[in-house]
Amino acid sequence: MLNLEPNYFFRLYTAGLNPDIEKLYPQVQFPVPKGTPMISPLIKWDHSESWCVAKWDKNTNRSQMITKVNVGSDESPDKYILDHLIDGRCLYPATGYLVLVWKALAEIKGKDVMSLNVTFEEVKIHRATVLSKEASTKFLVEISNAGEFEISEGGMTVCTGRIYSQEESVKIDACELLKSNDLKSLPLNQNDIYKELKLRGYDYGPAFQGLDGADIEGLPVFHDKNPKRIISGGVELKHLKTSVAPRNQGKQIPLLEEYRFILYNEARILSKSDEETLGRYIHVCSSLAKTILELSLKNKDQIYNVMEGFKEADELIESYLKSYTDNHVLLKCLSGIINTATSKDLTRHVKNYVNSYLTERDKDILFQTMLQEIPLRTVIDVVLENAASRRLKILEIADTSVPLSTKISEFFRTLGVPNVNYLIAHSKPDLLGKSNLPSGNFELSSWDPKSNLTFKDIDLCVMKFLNHPSKEHRQILENVLATLKDNGFVLLLQRICLVPAEIILSAVGETVLPIHTESDLEQTFKDLKLQVICKKSDSFASTMYLLRKSPDIPYEDIVIPVIEDKYEKWVNELSEKINIASMSSDPKRIWLMSEDSYNSGIIGLVNCLREEPGGSSIRCVFTSKGTPRLPEFNLKNQFYQDIAQKNLTMDVFKGDSWGSFRHLTMSEEILVMLKFTRQLHISIPMVAQGLKYLPGVQKILRSSEDQSEIRKPRTNSGDKCWVLIRMATDCEIIRSY
């Protein structure tokens with residue numbers, strides 16, 4: 001019988017054997033007797049010796065890593081990524097994908113990421129990831145045993161490639177390749193670097209502006225074209241292939257516009273073709289009105305007096321009656337009266353039609369003449385140019401079915417002015433349909449012409465063809481003045497006379513159609529101390545006034561002559577005066593004066609200076625070359641006192657009148673002409689400093705400096721620059737303002 005210690009059996013087990021030790025003991029009969037002792041107290045752990053065992057690494061076979069990026073929280077370490085703006089969108093940096101994979105591999109290997117050298121191969125970025133402040137963005141990184149990786153976000157693949165640690169590859173010392181004696185210095189400071197990037201859509205914020213400067217000598221780059229290898233610093237790229245990613249500039253339609261001098265006061269704003277069209281329409285309406293006058297049994301002298309100067313043309317009248325449209329409201333009214341009226345109770349019948357006409361007349365072409373680009377957009381441009389605030393507050397006092405704010409909002413969209421609030425006070429709000437209301441922010445309220453207005457701090461108040469007698473009209477103007485800011489504007493459209501057909505309807509229907517003559521209106525403006533900034537007339541029946549509430553402010557006026565090519569005489573003085581104006585509490589005006597010049601650049605200069613601190617004090621007086629010599633500029637001179645009182649930013653004297661330069665949609669005549677001259681005016685979303693990046697301009701700057709001038713153009717809130725370009729075989733800039 002063998003007497004073995006229990007440890008020997010244990011060693012058999014540790015050696016991998018599995019002995020059946022039950023054979024060494026008597027067979028036990030179950031169930032065991034009740035008094036059988038328990039064996040558990042006999043088994044104890046022996047910790048007197050240490051044994052080596054296998055340790056399970058938690059990272060073994062791990063192939064996935066999830067990373068959340070949160071840029072919306074102030075406490076988040078990822079918030080800095082908000083400074084990574086590409087074309088206005090916050091994108092996750094492309095190199096950030098590589099960092100995610102690098103960190104995942106370091107965690108799998110149990111190493112510090114900064115001490116793990118890696119090589120990336122066949123990296124392909126499939127799409128950009130736009131980050132949102134409202135929600136976290138989750139990236140899933142997967143790495144296979146072969147080193148192939150995939151990054152996905154939202155279930156879609158973002159980046160793929162292969163990664164392995166540098167110790168698994170052959171290390172190459174490329175320092176010798178970078179040694180060259182043929183390096184030229186091209187230093188760039190931080191502002192230059194990030195300005196160049198911004199022009200290309202990379203609007204990096206402070207967190208991504210890590211470069212203090214750059215120079216070819218400081219960071220040389222070696223390119224070996226045969227193996228397609230690029231080496232610079234600690235980075236080596238092989239077989240790099242790039243493709244142009246679509247830029248998010250939105251769908252833009254080029255604006256073809258011309259740059260024109262527009263008078264502040266114009267007696268005939270309609271084109272020749274529009275005048276002829278309107279003249280024929282008035283003639284047809286007058287001929288139909290004559291028939292109504294005959295039905296009223298008026299004597300022949302009355303008919304002759306109204307129809308003096310008009311000759312009937314049956315064919316013209318017939319063509320209009322067959323094809324009149326929705327904007328022929330007066331013609332439709334006259335036709336309806338003739339088709340249904342009899343001499344019996346004609347007055348009541350006509351009166352009903354006249355009331356209907358008053359409700360719908362805003363749609364008639366007689367009332368559309370002042371709503372075209374000229375003059376409405378040119379007048380709105382003046383308001384924008386002189387507004388004290390970038391966020392405009394516009395109030396319209398209305399009693400018609402189509403408020404003028406709707407048309408104004410269209411021009412603001414074209415000009416790229418987003419921050420406009422519209423307030424419409426209407427005597428009959430139920431008349432307005434949704435299609436007739438302006439787009440954007442607007443509030444509609446009821447208005448009682450006999451009550452005071454409760455609005456405050458209005459930049460522009462609009463009044464369109466208000467149908468009120470003179471005394472009530474004056475009271476409305478007084479109420480409007482109380483709502484305006486100092487230097488605020490009033491845009492007033494008013495009928496100043498009636499066409500013959502309206503005179504007949506008023507007489508036969510015994511209904512007063514209120515009009516206000518220009519002399520009466522201008523006397524009211526004078527009494528209320530309103531400055532007439534612009535006056536535009538269609539020469540038929542309507543006039544538009546742009547008025548300004550000019551407070552009596554004792555300005556300190558400073559005059560600085562702007563002399564072309566002699567900048568040392570005025571630039572330093574101008575800079576000093578602007579700095580003083582920006583810090584002074586006393587009101588100042590800096591008048592920049594340029595005389596007898598075609599293109600001194602003063603217009604663009606003033607538009608740019610107006611955007612700077614203290615720029616609101618800048619005023620421009622520019623007399624074009626060829627203009628008869630004016631009196632010496634002195635605001636105390638009677639000739640210039642009107643300028644001082646109106647206090648406008650731009651005062652350009654050309655020919656024999658004051659005005660300003662405006663951008664307007666090209667007419668059909670000019671577009672036809674451009675088929676031969678190929679001269680285009682293009683809106684380009686690029687900062688002014690980036691003009692040199694237009695195609696072909698660099699060539700012009702090098703070869704045609706004596707023939708071409710490039711000046712900083714005007715910018716609007718859409719941050720657009722306007723450049724006049726001649727599209728020829730080589731793109732040639734001929735002028736900009």
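Residues are numbered from 1 along each chain as its sequence is written, and side-chain values use heavy atoms, with hydrogens and water left out. Because the model is predicted, local features need pLDDT of at least 70 and side-chain atom pairs count only at pLDDT 80 or more, whereas totals for chains, interfaces and linings use all residues.

The chain contains 18 helices and 30 strands, where helices (H or I, at least four residues) and strands (E, at least two) are DSSP runs numbered from the N terminus. Of its 737 residues, 40% count as buried; here buried means under 20% relative accessible area, exposed means over 50%, and partly exposed lies in between, with a 1.4 Å probe and protein chains only. The accessible surface of the chain comes to about 43900 Å², of which carbon and sulfur atoms hold 52%, the areas being taken from the Shrake-Rupley method with a 1.4 Å probe, and with only the protein chains shown counting as cover for residues. Among contacts in the chain with a separation of 6 or more, 71% are accounted for by residues 24 or more positions apart, a contact being defined by heavy atoms within 4.5 Å.

A search of the whole structure gives 20 salt bridges, each defined as a side-chain nitrogen of Lys or Arg within 4 Å of a carboxyl oxygen of Asp or Glu. One of these joins the side chains of Glu-385 and Arg-662, with an N to O distance of 2.8 Å. This pair links distant parts of the chain, since Glu-385 belongs to helix α9 (residues 373-386) and Arg-662 to strand β27 (residues 657-665), 277 residues apart. Glu-385 is buried at a relative accessible area of 17%, and Arg-662 is likewise counted as buried, at 6%.

A salt bridge also connects Lys-535 with Glu-518, at 3.0 Å from N to O. Lys-535 lies in strand β21 (residues 530-537) and Glu-518 in helix α13 (residues 518-527), so that parts 17 residues apart in sequence are tied together by the pair. Lys-535 is partly exposed, with a relative accessible area of 23%, and Glu-518 counts as partly exposed at 23%. Glu-556 is partly exposed at 40% relative accessibility, whereas Lys-588 is buried at 13%.

His-473, Arg-474 and Leu-477 of α11 meet Leu-521, Thr-524, Phe-525 and Asp-527 of α13.

Helix α12 (residues 500-508) is mostly covered, with seven of its nine residues buried, including Ile-504, Leu-505 and Val-508. Just after α12, Glu-510 takes a positive phi of about 50°.

Most residues other than glycine have a negative phi, and most peptide bonds are trans. Asp-457, which is not a glycine, has a positive phi of about 55°; it is found in the loop between β18 (441-446) and β19 (458-464) and is partly exposed, at 48% relative accessible area. Phe-465 likewise has a positive phi, of about 50°, and is placed in the loop between β19 and α11, where the residue is buried at 1%. A cis peptide bond joins Phe-30 and Pro-31, with omega about -5°, and Pro-31 has its place in the loop between α1 (6-14) and β1 (64-69). The peptide bond from Ile-374 to Pro-375 is also cis, with omega near 25°, and Pro-375 is found in helix α9.
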